[in-house]
Amino acid sequence: MVLVAHSQSLGGDVSDLLKGSRILVVDDQEDLRSYLLAVLADAGAQISEAGDGREALALARSFRPDLITLD
């Protein structure tokens, strides 16, 4: 698990890597999902979110993410 404390802490290499990436954020805690969405959006990623496993599976099939974060 990689935890980013603040969007400004993303180095250029990481931001470049995430730019344009499709990321699915899965977490049942809305505040944590919101935080991750903000950080990843600042890096230029395309983001989708899910609050539970069923929703995540459906989104994974349609969104076809490059990366999935989940707890």
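Helices (H or I, at least four residues) and strands (E, at least two) are DSSP runs, numbered from the N terminus. Colour the protein by these elements: there are 3 helices and 3 strands, in the order α-β-α-β-α-β from the N terminus on.

This is a predicted model, in which local features need pLDDT of at least 70 and side-chain atom pairs count only at pLDDT 80 or more, while totals for chains, interfaces and linings use all residues. Residues are numbered from 1 along each chain as its sequence is written, and side-chain values use heavy atoms, with hydrogens and water left out.

Next, colour by pLDDT, the predictor's confidence in each residue, from 0 to 100. The mean for the protein is 84, and 82% of its residues reach 70 or more. Among the elements, β1 has the highest mean (96) and helix α1 (residues 12-18) the lowest (75). Select residues 1-7, where pLDDT stays under 50. Where pLDDT is low, the predicted coordinates should not be read in detail.

Now select L18, I23, V25, L37, L40, A43 and A45, the 7 residues of the largest nonpolar core. Such a core is a set of buried Ala, Val, Leu, Ile, Met, Phe, Trp, Tyr and Cys residues joined through side-chain atoms within 4.5 Å; buried means under 20% relative accessible area, with a 1.4 Å probe and protein chains only. The elements β1 (22-26) and α2 (30-42) each give two or more residues to this core. Apart from it lies another core of 5 residues, including L24, V26, A50 and L59.

Centre on L37. Leaving aside neighbours within four places in sequence, L37 is in contact (heavy atoms within 4.5 Å) with V25, I47 and E49.

Key
Buried means under 20% relative accessible area, exposed over 50%, partly exposed in between (1.4 Å probe, protein chains only).
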